[in-house]
Amino acid sequence: MRAVLTILALVAGLLAGGVARADTVPRHVDATPNASFNEYVPGAALLEGQLLAPCCWDTSRQTLDIHGSPIANELRMEIRRRLKAGETTDAIKADLVRRYTTKILAVPPDNPLPRMGTVLAIALLGVGALAARMLVRWRKKAPEVPVGPVPAPASGAPHDEWDDRLDRELDESD
C-alpha cells in the first residue's frame with residue numbers, strides 16, 4: 001500500500017510541475033494518538049494556518065491547523081519540533097515550500113488578496129477625506145441663521161404693503 005501511495009505522489013508531483021524526490025514524498029502513517037497539539041509553541045499556530053494539508057490540495061483545501069489527517073498531524077509535529085529547536089517560521093515555511101512546492105501555501109504568492117486590504121484602506125481614507133471636504137464646503141455656503149429672538153423693526157424703518165397686509169391678517173385671526 002505504501003509503495004502505491006509513493007508512486008501516486010510521484011506522478012502527482014510530476015503532473016503538478018514539481019519534481020518529487022523519494023525522500024520528500026509525504027508518508028501517510030497512522031496518526032499518533034498521544035500527540036498533544038495543545039502545548040503552546042510560539043509561531044506554530046500562525047504557520048499551521050498558512051499551510052495546506054498535502055492530502056487535500058484539490059478537495060477540501062483545509063489548512064494544517066484544522067485538518068486531522070496523519071500527514072497533517074505529522075507536519076504539525078515537525079513544525080512544533082523545529083520551532084522548539086530554534087528555527088524561524090520563515091525558514092520552516094521556505095523548507096516546506098521547497099519540499100511540497102507552492103501548492104502547500106494557503107495563499108499563493110501571486111494572489112492579489114493580501115494587497116486588497118491596503119487598497120481598500122486607502123480608498124476608504126480618500127472617500128472619507130472627500131466627504132469631509134464636501135461637508136466643510138457645504139457648511140461654509142449655508143446661510144447664517146439667527147439664534148435668538150427676531151429683533152423688532154426699528155421705529156424709523158420703512159413700512160411697506162406686505163407689513164400692512166400681515167398686520168391686517170393677524171388682527172382678523174384674533
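These are my notebook entries on a predicted model of one protein chain.

**Entry 1: ground rules.** I worked on a predicted model in which local features need pLDDT of at least 70 and side-chain atom pairs count only at pLDDT 80 or more, while totals for chains, interfaces and linings use all residues. Residues are numbered from 1 along each chain as its sequence is written, and side-chain values use heavy atoms, with hydrogens and water left out.

**Entry 2: the chain as a whole.** I looked up the secondary structure and found six helices and zero strands, which read along the sequence as α-α-α-α-α-α; helices here are DSSP runs of H or I with at least four residues, strands are runs of E with at least two, and numbering starts from the N terminus. I then looked up burial, and of the 174 residues 21% are buried, where buried means under 20% relative accessible area, exposed means over 50%, and partly exposed lies in between, using a 1.4 Å probe and protein chains only. The accessible surface comes to about 13,200 Å², of which 62% belongs to carbon and sulfur atoms; the areas come from the Shrake-Rupley method with a 1.4 Å probe, and for residues only the protein chains shown count as cover. For contacts (heavy atoms within 4.5 Å), I noted that among those between residues at least 6 apart in sequence, 54% join residues at least 24 apart.

Entry 3: The structure holds nine salt bridges, each defined as a side-chain nitrogen of Lys or Arg within 4 Å of a carboxyl oxygen of Asp or Glu. I began with R82 and E78, whose side chains meet at 3.0 Å, N to O; the two are four residues apart in helix α3 (residues 70-84) and are therefore separated by about one helical turn. Both R82 and E78 are buried, R82 with a relative accessible area of 10%.

I next followed R82 to D95, where the salt bridge is 2.8 Å, N to O. D95 lies in helix α4 (residues 89-100) and R82 in helix α3, so this pair ties together parts that are 13 residues apart in sequence. D95 counts as buried at 17% relative accessibility. From D95 I went on to R98, with a salt bridge of 2.7 Å, N to O; D95 and R98 are three residues apart in helix α4, so about one helical turn separates them. Salt bridges that share partners join E78, R82, E87, D95, R98 and R99 into one network.

**Entry 4: surface patches.** I looked for patches, which are made of residues with over 30% relative accessible area and no salt bridge, like charges being joined within 9 Å and nonpolar side chains (Val, Leu, Ile, Met, Phe, Trp, Tyr) within 5 Å. A negative patch is formed by D160, E161, D164, D167, D171, E172 and D174; Asp and Glu count as negative and Lys and Arg as positive, with His and the chain ends not counted, and the charge is placed at NZ of Lys, CZ of Arg, CG of Asp or CD of Glu. One of its members, D164, is in helix α6 (residues 161-173) and is partly exposed at a relative accessible area of 32%. A nonpolar patch is formed by L113, M116, V119 and L120, which together have about 380 Å² of accessible area. L113 is placed in helix α5 (residues 113-141) and counts as exposed at 57% relative accessibility.

**Entry 5: the loop between α2 and α3.** Leaving aside residues up to four places away in sequence, T63 touches E48, G49, L51, L52, A53 and A106. I66, in the loop between α2 (44-50) and α3, counts as exposed at 59% relative accessibility; I66 and G49 are 17 residues apart in sequence and 8.1 Å apart in space, C-alpha to C-alpha. R61, also in the loop between α2 and α3, has a positive phi of about 50° although it is not a glycine, and R61 counts as partly exposed at 43% relative accessibility.

**Entry 6: T101.** I also noted T101, a non-glycine residue with a positive phi of about 70°. T101 is placed in the loop between α4 and α5 and is partly exposed, with a relative accessible area of 30%.
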